[in-house]
Amino acid sequence: MQNSLREALMAQATFDIVNTDSSNAVKLCLLPGVYNTMKMAQDPTTKDVVVSYSDPSALNAAGYSCDQVADDAKFDASAAVQVTGVGRVMFRDFLNTAQRVGCRVNKIIIQNKTNPADQSIFDQQIEIAKTVIGSKGGMDFITLQNYVNVNAYDRSKITIDLSGFDENGNSNNLYITPEVFMALNIPASAHFSIQFQFNTTVGDLA
């Protein structure tokens, strides 16, 4: 079914994610909440020293387990998981939006780009928590397998629909604010894209 014009005009951000490690899974933090993940990295081509946001040490010390924090690949080409924005979006655009104005996600689409027989990316969970200084906030999970349609012709893609309202009239949207921690386990050699679709009222969290 063709998307409506309103859906086509909604703000969205898509990222291509590749685990270059063929032997080990990598737990990737997509959003670090309030924690500092900056480190200095060297560009292997130009040898320039750049600032990367891929250091997980502060998160691990606070109890939010992860192996790497997402950043654009050009800022840390040595990272096991390489993250590249699709189109005109950089990952730092997504990070800055979350940390400065916040946004409401009403749909997440994950497209598997590995061998169709390898569906291990859909065996994972997206972990979400609200980071709290001095303590570890409770964790919520989005189980990807719950969104796999076994009757679908194309099983390489899942859509996590967060639109609408629950039985109490509360929005199902995922509210991404500066405090939100989000992580996903990336299987060895996995290659997929993840797209976040936002409400048109990005930043309007009232």
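Colleague: Which residues form one aromatic cluster here?

Modeller: Before anything else, please keep in mind that this is a predicted model. The cluster is formed by Phe-15, Phe-91, Phe-94, Phe-196 and Phe-198.

Colleague: And how many aromatic pairs does the structure hold?

Modeller: The structure holds 7 aromatic pairs. One of the ring pairs is that of Tyr-64 and Phe-181, whose centres lie 5.1 Å apart with the planes at 45 degrees.

Colleague: Why is that pair called tilted?

Modeller: A pair of aromatic rings is described by the distance of the centres and the angle of the planes. Planes under 30 degrees apart would count as stacked and those over 60 as edge-to-face, so the Tyr-64 and Phe-181 pair, at 45 degrees, is tilted.

Colleague: Where do those two sit in the chain?

Modeller: The pair links distant parts of the chain, since Tyr-64 is in the loop between α2 (57–61) and β5, while Phe-181 belongs to strand β12, 117 residues apart. A further distance involves Met-182, which is 118 residues from Tyr-64 in sequence and 9.6 Å from Tyr-64 in space, C-alpha to C-alpha.

Colleague: OK, new topic: what is the order of the strands in the open sheet?

Modeller: The open sheet is formed by 5 strands in the order β5-β2-β12-β8-β9, and the pairing is mixed. At the edges stand β5 (68–69) and β9 (139–143), and because each has a single partner strand, one side of each is left without a neighbour in the sheet.

Colleague: How do β8 and β12 pair?

Modeller: Strand β8, residues 125–130, and strand β12, residues 180–186, pair in the antiparallel sense over 5 bridges. Ala-129 stands opposite Phe-181 in β12, and that Phe-181 is the partner of Tyr-64 in the tilted pair.

Colleague: What about the second largest pocket, what volume does it have?

Modeller: That pocket has a volume of about 280 Å³. The lining is made of 15 residues, and those nearest the centre are Ile-128, Asp-140, Asn-173, Leu-174 and Tyr-175. The elements that give two or more residues to this lining are β8, β9 and β11 (174–176). By class, the lining divides into 9 nonpolar, 4 polar and 2 charged residues.

Colleague: And how many cavities of 30 Å³ or more are there?

Modeller: The count comes to 1 cavity of 30 Å³ or more, and about 30 Å³ of space lies in the largest cavity. Its lining includes Ser-54, Gln-68, Val-69, Asp-71 and Gln-82, and β5 and β6 (81–85) are the elements that give two or more residues to it. The lining of this largest cavity has 4 nonpolar, 3 polar and 3 charged residues.

Colleague: How far is Thr-114 from Asp-71?

Modeller: Thr-114 and Asp-71 are 43 residues apart in sequence and 21 Å apart in space, C-alpha to C-alpha. Thr-114 lies in the loop between β7 (103–112) and β8, and with a relative accessibility of 17% Thr-114 counts as buried, the cut-off for that being under 20%.

Colleague: Last one: what lies over the face of Phe-75?

Modeller: Arg-92 does, at 3.6 Å from the ring centre of Phe-75.

Note on methods. Residues numbered from 1 in each chain as written. Predicted model: local features only at pLDDT ≥ 70, side-chain atom pairs only at ≥ 80, totals over all residues. Heavy atoms only, no water. Pairing = 2+ DSSP bridges. Helix = DSSP H or I, 4+ residues; strand = E, 2+ residues; numbered from the N terminus. 1 Å grid on protein atoms, 1.4 Å probe; cavity = no way out; pocket = protein on both sides within 12 Å on 5 of 7 lines; lining within 4 Å. Points joined across faces, edges and corners; volume = space filled by probe spheres on them. Nonpolar A, V, L, I, M, F, W, Y, C, P; charged D, E, K, R; others polar. Phe/Tyr/Trp six-rings, centres within 6.5 Å; stacked < 30°, edge-to-face > 60°. Lys NZ or Arg CZ within 6 Å of the ring centre and 35° of its normal. Buried < 20%, exposed > 50% of the residue type's maximum accessible area, 1.4 Å probe, protein only.
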